[in-house]
Amino acid sequence: MKKRLKIAEQILIVLTLALILPLVIAGAIIINTNQIAVRKELVSSATIIANSVSNELVTLKDFERNNLFYFYEALKKMPSAKERKEFINFIKSNEPNIIDFSVQKLPENLIVKNKYNCTYLPEEKEVIFSLIDENNKMISKKVKVQYMEKRIFDNFDGKRRQIYILDKNKNLIMSKDYEENRIKDIKNSFPEKTDPNTPTLFGRYKNQPNIVIYSPDFEWYIVVSSPKFLTYYGIIDAKRKIILAICIAAITVFILFGIYTFSLYTNIRQIFKVIQAITAGNYTRKIRVLTTLFTSQEVIFIADEFNKMIEKIDESYRELNESNRKLKKMDEYKSNLIDTVSHEFRTPLTSIKGYASSLLRHDIQIDEESKKKSLKIIKQQAERLSRMVEDLLVIPDIESATLRINYREINLKNIIETSILSTSKADTTIFEVNVKEPIKTLYSDEDRLIQIFINLLENALKYSKEDTKIQIYASTNNDYATIKIHNEADFIDEKNLNELFEKFTRLDSNLTRTTRGTGLGLFIVKGLVETMGGKVFLSAANGFEVTFTIPTYKGQNYAA
């Protein structure tokens, strides 16, 4: 059979193809377009700034050349060396940016092609502007780089760009908004070739473009870099806002469609589940419609009519089922009770009847010791019958949780001794009792506690291996008394232990096949212990061991 998509799956596919996919594609196009536009703007603005810095350098060079020319013309008109010296000293004192100003004769064998030169001294961080006349005399002016840096960068205050000027060896000369990591990236990604006075784009990061212009007049590189915050503001922040807007739109659509789909799908699933439950014989399920703005009237009508039909079917089914259950329970309990009475009561009754008949015979002479022994056996078997009757009577109280507990102070040692003496074969069985001192006084129901001990000891006697001891351990702490009863027995699988707490349950083994029992002992023990606020555990790791706890504090029903 061809598999069909569910309603929710169909709506999700339609929603994705019709809305979400176009939103994602549109968002990607917008982000990419914005990124390209911003990147072009960053490149364009960086190119403009780089050209401006280059022009500032040319302007500064022309300015200094004109100054030198004026100084040279003034010196030529001074006839004496003293006047020329005083003029030079005057210039030095009135221009604080000048480090040195001098006029000197060049060697005759030195041929200089350029009459005007700019020379950068990297170690001193100084620049020398020089002018050579036709008589091979050189007038020079030496200034600090900081003087040029101020002249150049003052015009770029507020321009959010990092500007670096490097010498021909890529060493930093001056900078604006210097950043150590950025200058390292610039040097590592510097282009191999740059044309004079021509902007060149380079950089490791596409969204942080750098522009470099080589200035041949100074043999300097002018680098304009786009800082990260411009990239963040223009590209990353814009991308986040676009993505956020798309996500908000998508989430809004998903929420609306989700509410509608959830309402429709939940109601349809409810109808399916109820139909499946009725098919399986469960007539208690009803359709519970999720009523929202998107719930249609047709769905509500179908659910109401269907629930009315189920109620009528369920009412008839429950009446029939309750009658069958009561009959089955009564039949099962009757069968178990008859089986228990027929098997378990027969042995003590036979013993009582036999010994009583012997005592009533007149044709034989019975001594006093034999009479006492017979009467003792009659008494023990009568007590055994009484305990079995008590066990049968306590079962309904345990099942209905109406068992009454009469709390009072009791001595645990005395309880153990009384229980041992009340157990059949107590005189021929070795009981090893270990009570850890000090032992606290318990607040519990003495009769019920003895009933627990006798059931456990009788169980241990029935299923113990021959010539083995039954060990009893007891201890108390602030809250609980812990009692363990251990006997050697055939191996029992751990997974079958909890079954022993059920009524009329006996495991299938060689020992249980040859040993009579009601299958009620551990069921009664568990019910009594839990009613008194304790817990009971079984273990078959090393023989068979029953551990149960009884609270040492006063119970709620304890009467002071």
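Which hand does the crossing of H8 and H10 have, left or right? In this predicted model, the crossing of these two helices is left-handed. Helix H8 spans residues 368-399 and helix H10 spans residues 446-463. Their axes come within 12 Å and cross at roughly 115°, so H8 and H10 are roughly perpendicular to each other. On the side of H8, the contact is made by Arg387, Glu390, Asp391 and Val394. Helix H10 brings Arg448, Gln451, Ile454, Asn455 and Glu458 to the meeting point.

A search of the whole structure finds ten aromatic pairs. One of them is formed by Phe71 and Phe87, whose ring centres are 6.2 Å apart. The planes of these two rings stand at 70°, which is over the 60 degrees needed, so the pair is edge-to-face. Phe71 belongs to helix H1 (residues 7-76) and Phe87 to helix H2 (residues 81-94), so the pair ties together parts that are 16 residues apart in sequence. Are these two residues buried or exposed? Phe71 has a relative accessibility of 12% and therefore counts as buried. Phe87, at 17%, counts as buried too.

A second pair leads back to helix H10. The rings of Phe453 and Phe548 have centres 5.6 Å apart and planes at 70°, so this pair is also edge-to-face. Phe453 sits in helix H10 while Phe548 sits in strand S16, so the pair ties together parts that are 95 residues apart in sequence. Phe453 is buried, with a relative accessible area of 0%, and Phe548 counts as buried at 0% relative accessibility. Elsewhere, ring pairs link Tyr120, Phe129, Phe218 and Trp220 into a cluster.

Which residues does Thr549 touch, leaving aside its neighbours within four places in sequence? Thr549 is in contact with Tyr480, Ala481 and Thr482, and also with Val529, Gly534 and Lys535.

Methods. Residues numbered from 1 in each chain as written. Predicted model: local features only at pLDDT ≥ 70, side-chain atom pairs only at ≥ 80, totals over all residues. Heavy atoms only, no water. Axes fitted to C-alpha atoms, helices over the stretch in contact; angles between N-to-C directions. Helix = DSSP H or I, 4+ residues; strand = E, 2+ residues; numbered from the N terminus. Parallel < 35°, antiparallel > 145°, perpendicular 65-115°, else oblique. Left-handed = near helix turned anticlockwise from the far one by under 90°. Contact = heavy atoms within 4.5 Å. Phe/Tyr/Trp six-rings, centres within 6.5 Å; stacked < 30°, edge-to-face > 60°. Buried < 20%, exposed > 50% of the residue type's maximum accessible area, 1.4 Å probe, protein only.
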